Amino acid sequence: MTSLKMAVIGLGKMGLHMIHQAENTQMDISVEITAVCDANEQSLQEFAATRPAVKTYRDYKQLLDEQQIDLVYIAVPPKYHYPVVMDALDRRIHVFCEKPLANSLEEARKMVEAAEQAGVVHAVHFSMPHESAVLKLQEMVKQQAVGDIRKIDLILQFPQWPRSWQQNEWITSRDQGGFILEVGIHWIHMIQNVFGRLRVLNAQVTYPADQPDACEQEVQAVLEVQDGTRVHLQGISHFAGEERVSMVVYGTEGTIALENWEELMSGKIGQPLSPVEVLESSSELPVLKHVIARIQEKPGRIYTFHDGYEAQQVLEALRNSNSSTN
């Protein structure tokens with residue numbers, strides 16, 4: 001293979017971001033964006049004005065039928081992942097899908113089975129384990145820099161939801177939106193990657209009483225890593241204050257904190273936390289580069305649909321837990 005033809009289905013923030021990565025990341029192979037698809041005609045017209053050589057479609061099945069593509073990146077809303085992925089797998093096309101993998105555990109299970117039967121590269125866009133700060137955190141945990149892990153706190157706090165840059169029709173819906181699904185899934189996967197498989201012990205999710213289709217406003221949950229370590233999840237939206245998306249790892253000899261996605265800090269017991277040096281050069285991003293390497297049958301670290309299914313198990317256990325309204 002001397003070049004790779006790629007299509008993108010969904011021209012929202014992530015779809016456009018992936019196109020930028022494909023066009024601006026040095027790869028071992030030439031990557032050509034040959035076609036894109038989106039249900040919004042205005043989005044297609046705006047895209048076509050900047051890249052007239054790329055074929056545009058409103059019907060993704062037509063794109064899959066007419067274009068000879070090697071890889072498709074799927075960035076449609078979660079409830080559409082299943083049909084688009086399954087149609088791509090039917091055509092033996094390599095698939096790179098946005099997270100979460102599916103909109104239900106049953107869908108995720110069927111997607112894993114279909115991907116394995118298709119015999120193609122299949123990956124979910126989980127980027128956190130490739131981040132420099134997470135790689136350093138994983139190294140510190142492995143080296144027992146703060147001793148044995150006692151417990152982990154996961155904090156998801158959003159003064160407003162959706163965030164100002166995240167306006168779309170589905171992000172606030174109960175069936176496929178909310179901060180547990182949109183943000184929590186990243187951390188669920190990362191924790192399972194660093195510490196081991198998770199299971200939900202108990203959870204309470206609170207929804208607004210006057211909006212029956214709206215996503216959660218609060219979550220309180222206790223999860224457990226396979227070695228018995230407890231993970232306490234606290235999430236809230238719509239309040240006065242600062243956004244905080246963080247994880248605090250308490251050990252027998254100290255604490256590690258990953259504050260607001262990428263600020264890694266640590267300290268010994270009784271001492272304040274101080275920044276940990278993180279080399280940006282250690283970053284393994286973008287994930288797309290790993291996916292393309294695997295298509296070329298070269299080394300690359302990807303998270304397959306099986307990893308997506310394992311994260312989906314935890315996600316659905318949280319979403320289907322006891323709920324209340326306020």
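Which element gives the largest share of the lining of the largest pocket?

1. The model is a predicted one. The answer to the question is H1, which contributes six residues to that lining. Helix H1 covers 13-24, and helix H4 (81-90), helix H6 (132-142) and helix H7 (179-194) are the other elements that each give two or more residues.

2. The largest pocket has a volume of about 1700 Å³. It is lined by 50 residues, and those closest to its centre are Gly12, Lys13, Met14, Trp170 and Glu182. By type, the lining divides into 24 nonpolar, 15 polar and 11 charged residues.

3. Now to the sheet. Six strands form an open sheet in the order S3-S2-S1-S4-S5-S6, and their pairing is parallel. Strand S3 (55-57) and strand S6 (122-124) are at the edges with a single partner strand each, so one side of each has no neighbour in the sheet. On average, neighbouring strands are turned by 20° against each other, direction ignored.

4. Within that sheet, look at strand S1 (residues 3-9) and strand S4 (residues 71-74): they run parallel and are joined by four bridges. Met6 has Leu71 in S4 as its bridge partner.

5. Is H4 mostly covered or mostly open? Mostly covered, with seven of its 10 residues buried. These are His81, Val84, Val85, Met86, Asp87, Ala88 and Leu89. The buried residues of H4 pack against S1, S4 and strand S5 (94-97), and also against helix H3 (60-66), helix H5 (105-118) and helix H9 (305-319). Just after H4 comes Arg92, with a positive phi of about 60°.

6. How many cavities of 30 Å³ or more does a search of the whole structure find? There are two. The largest cavity has a volume of about 70 Å³, and its lining includes Leu154, Gly184, Ile188, Leu233 and Leu318. Strand S7 (149-158), H7 and strand S10 (230-237) each give two or more residues to this lining, and H7 has the largest share, with three. Nine of the lining residues are nonpolar, one is polar and none is charged.

7. The second largest cavity holds about 40 Å³ of space. Its lining is made up of Arg174, Gly177, Ile180, Leu181, Tyr207, Glu216 and Arg319. Here the division is three nonpolar, one polar and three charged.

Methods. Residues numbered from 1 in each chain as written. Predicted model: local features only at pLDDT ≥ 70, side-chain atom pairs only at ≥ 80, totals over all residues. Heavy atoms only, no water. 1 Å grid on protein atoms, 1.4 Å probe; cavity = no way out; pocket = protein on both sides within 12 Å on 5 of 7 lines; lining within 4 Å. Points joined across faces, edges and corners; volume = space filled by probe spheres on them. Nonpolar A, V, L, I, M, F, W, Y, C, P; charged D, E, K, R; others polar. Pairing = 2+ DSSP bridges. Axes fitted to C-alpha atoms, helices over the stretch in contact; angles between N-to-C directions. Buried < 20%, exposed > 50% of the residue type's maximum accessible area, 1.4 Å probe, protein only. Contact = heavy atoms within 4.5 Å.
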